[in-house]
Structures are given as C-alpha cells and as structure tokens.
Amino acid sequence: MNDAIRISSPADILGFIPHTLGFAPRESFVFLTLQGNTLGATLRVDAPQSGDPVGFARSMVDYLAVDAQATSVLLAVYTDGAPAAAAPRPFHDHVEAVIQELEIAGTPLKDAWLVTSEHWQNLLCDRDAGCCLPEPLESITDGQLNAELIFRGSSYQKEPGTTYAPFTGPTDTAEQIREALPGVFAGELNTGRTLWADALTGDGWTDPATAVELLACFQRPDLRDVMFCNVIDPEQPDAEGSGDLLIGQGITPDWNRVNRAQDAARLLIDAAPEGYRAPLLTLIGWLAYLKGRSSVAGDHFTLAIADTPGYRLAELMEQLVNRGTIAPVAQDAATAYKRNR
C-alpha cells in the first residue's frame with residue numbers, strides 16, 4: 001500500500017519512527033524534516049559523545065540540507081542517560097545548539113521529544129511549569145497509527161542491530177557449494193544472471209539444489225557484482241563501469257524489486273553455511289544503503305566481514321557509510337525509497 005497515512009499527534013510521530021527506520025532506536029537522535037505539514041526525510045545518528053555541541057549541530061544541519069524542500073524539523077532523542085549535572089534535560093547543550101543552527105539554516109526546530117525505556121515527554125517545554133508530564137510508551141505502541149502500519153504489513157526490530165540464526169541445514173551443504181564452484185567459474189555470466197532473475201520473479205526457486213547453485217554464483221566476484229547490478233538494471237550484462245550504479249548515482253530503482261532481492265537474500269542466508277553468507281549480507285546492506293538506511297547497512301557489512309574476514313566489498317561499503325555518505329538516490333525525493341507513508 002502506498003496510500004498516505006495521517007499523523008495527528010506526537011505519539012503518532014514516535015510510532016512512525018521505528019517503522020521508517022526498521023528498528024526501535026536506542027541512544028539516538030532522530031531528525032525528521034517537514035515540508036509544510038508533510039513528513040520528508042528521516043535521519044538517525046548515535047547520541048553525541050563529544051563535547052562539541054556546535055560541531056555536532058552543524059553536521060546535522062548539513063545532513064538535513066539534503067531535503068531541499070524542508071521548512072522545519074522535528075527531533076526525537078532516545079536515551080536512558082541522566083542529564084548532566086545542573087542540566088534541565090539530557091544533551092541540553094547539544095539540543096540548544098541544534099535549535100540555534102536550524103534557526104540559522106531557515107528550517108527551525110518545530111518540536112522535540114525525549115523517549116526513554118519507561119516513558120516519553122516533550123523535550124522543549126518548561127518542566128517546572130508542569131506542562132510536559134511523562135506519557136506512557138503504550139500511548140505510542142497502542143496508537144492507531146502503529147496499528148495501521150502493522151495492518152499494512154510494516155514491522156520493525158524491537159532492538160537495534162541485526163542477527164541471523166546459525167545454519168541448521170544439511171551438513172554437506174558447504175561441500176555441495178564447493179563442488180558447484182568450478183562449473184560456476186567456468187560458465188558464462190548469463191547463466192548466473194538468469195538464475196538470479198528467476199529467483200526475483202519466479203516461484204518455487206528455494207529448492208535446495210537451486211539454493212546451492214545461487215550460493216555458488218554469489219562466490220564468483222564478477223558474477224556477484226553483475227547480480228547486484230541486475231537488481232537495479234535487469235538488462236546490464238556485466239559490472240563494467242558500474243561505479244555510479246553501486247554508489248546510487250543516477251539510478252531510479254524499482255523499489256519493489258529491491259525488496260524482493262532483499263527477501264531472496266535473507267532466504268538464501270538461511271540456506272547458507274557460515275563462510276558463504278558474506279555476499280548476501282553485503283547485498284542486503286548495499287540495498288539498505290540505497291534506501292538511505294545507513295545503520296541497517298552498516299550492521300550487514302559488519303556481519304559480512306565477520307562471516308568472511310577481509311571481505312573486500314563489505315569493507316569498502318562499510319567505509320562509505322562510516323564516512324556518513326548518503327546515497328544520491330536517497331537524497332532525491334523523486335527517486336528515494338518510500339515505505340508505506
């Protein structure tokens with residue numbers, strides 16, 4: 001469903017955030033831009049640890065400037081940390097710097113909330129005046145908007161981070177993949193491309209033999225790269241000159257196909273013994289990067305490197321997201337991923 005949803009209260013906004021991120025944030029600052037009364041971009045960053053509130057605030061303003069149509073900003077601060085001594089709220093200096101820098105940028109902070117593991121409340125009002133009493137978290141999770149998003153099929157992880165269950169399949173699966181590798185490396189790219197295309201469009205492809213063949217295909221670097229590219233451009237015959245595509249420049253993805261590719265990769269991870277999962281973890285992470293979900297992307301690149309130490313593609317992508325790079329496709333409202341809004 002792509003019908004617009006109506007957000008009418010702070011609890012609705014706080015209910016929307018984990019759905020759009022894909023997980024419930026912890027120790028985070030989450031910014032949402034507004035274009036008039038319409039939600040725009042969402043940015044999550046780790047709660048600041050440095051003693052440079054102005055530097056942090058200016059970095060946030062630079063990131064939020066990606067939404068050139070933004071007229072104002074909302075902020076949710078997720079923390080269980082106590083305020084600094086004599087401070088009226090957690091991260092007081094950082095929040096004040098954010099307010100000032102957003103005002104200078106012409107996109108003022110319209111409202112902000114504090115969310116802990118026990119309650120939520122307004123972050124900006126005068127607490128001594130008694131106008132911002134804590135609200136129960138149930139007002140978020142039991143709200144109409146959260147129920148509507150779940151009805152539409154949206155879900156999210158209750159905790160940040162990403163894990164996959166250990167492999168529990170046949171003990172000879174790794175041997176079967178190794179036996180398939182010589183044929184895959186000697187074959188044409190089109191053979192693997194066709195198998196992958198069928199996996200993204202057909203039914204019944206998850207039989208064990210096909211899973212083994214696909215897992216072997218993902219172990220061949222040049223074939224892996226074109227299989228990645230074919231998620232975005234199904235007709236691309238190889239990965240030569242695909243640098244712009246891989247960083248998300250100048251592309252208009254079919255996001256339904258992207259979602260199918262991520263789902264297919266997750267199913268293949270279940271069928272993959274440890275040591276053969278890195279390409280699939282990197283694929284899911286790369287597609288999350290294209291969606292503008294750097295936290296999810298980074299988790300998957302970390303898991304890929306843990307599965308196969310030194311896995312170069314995951315290392316390069318991890319460096320990209322660690323620099324704070326936002327995929328160009330995610331910066332353009334016309335091409336960015338939109339999830340059940």
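**Figure 1. T335 and the residues that surround it.** Leaving aside residues up to four places away in sequence, T335 touches I251, T252, P253, W255 and V329, where contact means heavy atoms within 4.5 Å. T335 sits in the segment after α15 (328-331); helices (H or I, at least four residues) and strands (E, at least two) are DSSP runs, numbered from the N terminus. With a relative accessible area of 12%, T335 is buried; buried means under 20% relative accessible area, exposed over 50% and partly exposed in between (1.4 Å probe, protein chains only). This is a predicted model, in which local features need pLDDT of at least 70 and side-chain atom pairs count only at pLDDT 80 or more, while totals for chains, interfaces and linings use all residues. Residues are numbered from 1 along each chain as its sequence is written, and side-chain values use heavy atoms, with hydrogens and water left out.

**Figure 2. Helix α8 and its packing partners.** Helix α8 covers residues 208-217 and is mostly covered, with 7 of its 10 residues buried. These are T210, A211, V212, L214, L215, A216 and C217. Which helices do the buried residues of α8 pack against? They pack against α6 (173-186), α7 (189-201), α9, α11 (255-270) and α12.

Figure 3. C217 counts as buried at 3% relative accessibility, and C229 is buried with a relative accessible area of 0%. A search of the whole structure finds 0 disulfides, a disulfide being a pair of cysteine sulfur atoms within 2.5 Å.

Figure 4. On a 1 Å grid over the protein atoms alone, a cavity is a set of points where a 1.4 Å probe fits but cannot get out, and lining residues have an atom within 4 Å of a point. Grid points are joined across faces, edges and corners, and a volume is the space filled by probe spheres set on the points. The structure holds 2 cavities of 30 Å³ or more, and about 50 Å³ of space lies in the largest cavity. Its lining is made up of D225, F228, L246, T282, W286, L313 and M317. Helices α9 (221-232), α12 (278-290) and α14 (312-322) each supply at least two of the lining residues. By type, the lining has 5 nonpolar residues, 1 polar and 1 charged; here Ala, Val, Leu, Ile, Met, Phe, Trp, Tyr, Cys and Pro count as nonpolar, Asp, Glu, Lys and Arg as charged, and the others, Gly among them, as polar.

Methods. 1 Å grid on protein atoms, 1.4 Å probe; cavity = no way out; pocket = protein on both sides within 12 Å on 5 of 7 lines; lining within 4 Å.
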